[in-house]
Amino acid sequence: MDWIMQRWNDVVDLYFWAMPLTGALTIVLPLFLAVAYTTWLERRVIGSMQVRIGPNKVGWKGLLQPWADMFKLIFKEIIIPSGANKVLFVIAPVITLLSAVAAWAAIPFDATKVLSNMNAGLLYVLAITSVGVYGVIIAGWASNSKYALLGAMRSAAQIVSYEIAMGFALVGVLMAAGSMNLGEIVRGQSGEYGLLNWYWLPLLPLFLVYFISGVAETNRAPFDVAEGESEIVAGFHVEYSGMTFAVFFLAEYANMILISALAAIMFLGGWLSPFQGVHDFLWLGIDLDAWTAWIPGIFWFLFKIFIFLFLFLWFRATFPRYRYDQIMRLGWKVFIPITIVWILVVGGFVLGKVGPWWS
């Protein structure tokens with residue numbers, strides 16, 4: 001059995017990672033499928049929380065609803081305003097989507113499966129995702145609409161503000177791991193204490209700041225002021241329709257999955273099992289590490305992503321929308337000072353080699 005599994009892993013590695021084209025397709029196609037079914041999951045989860053039914057007619061439990069939405073949007077007319085810059089109007093949603101997809105080149109799915117194991121992987125991810133804000137600004141400007149331009153300016157200011165807090169939060173991770181390679185950051189969280197070795201514990205304030213900033217950066221509720229219908233109609237994409245409108249939302253959900261993946265890698269051990277090294281659970285002689293050794297690392301990674309995605313959906317069903325001034329105050333006057341203070345604390349931990357994380 002072990003020999004069969006080893007040969008299967010060799011075949012998967014050859015197909016998935018040895019050839020750049022097949023490796024990229026193996027990432028992108030499941031990602032788009034996951035994006036489509038995240039929309040279905042969102043409607044089902046929020047429907048359950050708010051005692052509604054949600055999609056349940058197209059396919060079993062509405063599982064074909066994303067396909068119905070896709071075909072509807074494909075055949076809807078794309079209307080470009082007469083005064084718009086047509087080239088930039090079409091390119092803007094593509095920029096936003098490509099920045100969310102290209103970042104996956106550096107994401108490690110387990111110890112061996114990563115498309116590009118670059119040493120500055122974290123820097124690459126931060127740089128490529130920052131390009132997405134240009135798509136938002138270009139969309140608002142190219143639409144030749146004051147409402148779209150106002151929505152773009154608000155959204156861009158929000159994204160840039162929370163990117164600073166996210167960047168400071170990740171500085172603590174770099175100090176703890178001593179590397180910008182995403183695989184090395186995950187390996188730095190391995191040890192004999194299982195999930196207690198992960199960076200969520202010593203970097204808890206940075207972990208919370210990072211994830212909440214990720215919610216704000218993706219324009220998700222309760223930070224979705226760019227889509228405050230009572231204020232500016234529908235934000236920077238108010239003039240978009242058909243597939244150009246759909247691409248913006250593909251990018252939004254792809255960014256949700258990316259933020260979840262990065263949170264899992266930086267703070268929750270990536271592909272590592274929560275029971276790694278736990279050979280005597282609660283001094284009962286239970287070897288949890290041996291019992292769960294057969295579970296592949298990619299399962300733990302995807303499971304952690306799902307947990308964060310569920311939190312995205314839960315927030316939308318629970319919290320009311322913030323005012324714009326409240327959002328900016330939270331980013332500049334609360335999150336950034338917290339991250340700066342905790343970076344100093346982490347520096348003290350590193351110098352003093354406090355705990356198992358940096359000894």
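Let's start with Arg-220 and Glu-42, whose side chains meet in a salt bridge with N and O 2.4 Å apart. (A salt bridge here is a side-chain nitrogen of Lys or Arg within 4 Å of a carboxyl oxygen of Asp or Glu.) Arg-220 sits in the loop between H9 and H10 and Glu-42 in helix H2, so this pair ties together parts that are 178 residues apart in sequence. Helices are DSSP runs (H or I, at least four residues), numbered from the N terminus. Arg-220 counts as buried at 2% relative accessibility, and Glu-42 is buried too, at 4%. The cut-offs are: buried under 20% relative accessible area, exposed over 50%, and partly exposed in between (1.4 Å probe, protein chains only).

A quick word on what you're looking at: this is a predicted model, where local features need pLDDT of at least 70 and side-chain atom pairs count only at pLDDT 80 or more, while totals for chains, interfaces and linings use all residues. Residues are numbered from 1 along each chain as its sequence is written, and side-chain values use heavy atoms, with hydrogens and water left out.

Since Arg-316 lies in helix H13 (residues 297–318) and Glu-42 in helix H2, the pair ties together parts that are 274 residues apart in sequence. Arg-316 is partly exposed, with a relative accessible area of 44%.

How many salt bridges does a search of the whole structure find? The count is nine. One of them joins Arg-187 and Glu-184, with the closest N and O atoms 3.3 Å apart. Both residues lie in helix H8 (residues 182–187), three residues apart, or about one turn of the helix. Arg-187 is partly exposed at 34%, and so is Glu-184 at 40%. Elsewhere, salt bridges with shared partners join Glu-42, Arg-220, Glu-252 and Arg-316 into one network.

## The loop between H9 and H10

Asn-219 is in the loop between H9 and H10, and at 8% relative accessibility it counts as buried. Its side chain makes polar contacts with the side chains of Ser-155 (2.9 Å) and Gln-158 (3.3 Å). (A polar contact is a pair of N or O atoms within 3.5 Å; within protein, one must be able to donate a hydrogen and the other to accept it, and residues adjacent in sequence count only if both atoms are side-chain atoms.)

Pro-222 is in the loop between helix H9 (204–217) and helix H10 (229–232). The peptide bond from Ala-221 to Pro-222 is cis, with omega near 5 degrees.

## Two faces of helix H3

Which residues of helix H3 (residues 65–75) are buried? They are Gln-65, Pro-66, Asp-69 and Leu-73. Seen down the axis of H3, they fall within an arc of 100 degrees, so they line one face of the helix. The arc is taken from the directions from the helix axis to the C-beta atoms.

H3 also gives the most to a nonpolar surface patch, with four residues. The patch covers about 630 Å² and is made by Leu-33, Leu-64, Trp-67, Phe-71, Ile-74 and Phe-75. Patches are made of residues with over 30% relative accessible area and no salt bridge: like charges are joined within 9 Å, nonpolar side chains (Val, Leu, Ile, Met, Phe, Trp, Tyr) within 5 Å. Areas come from the Shrake-Rupley method with a 1.4 Å probe, and for residues only the protein chains shown count as cover.
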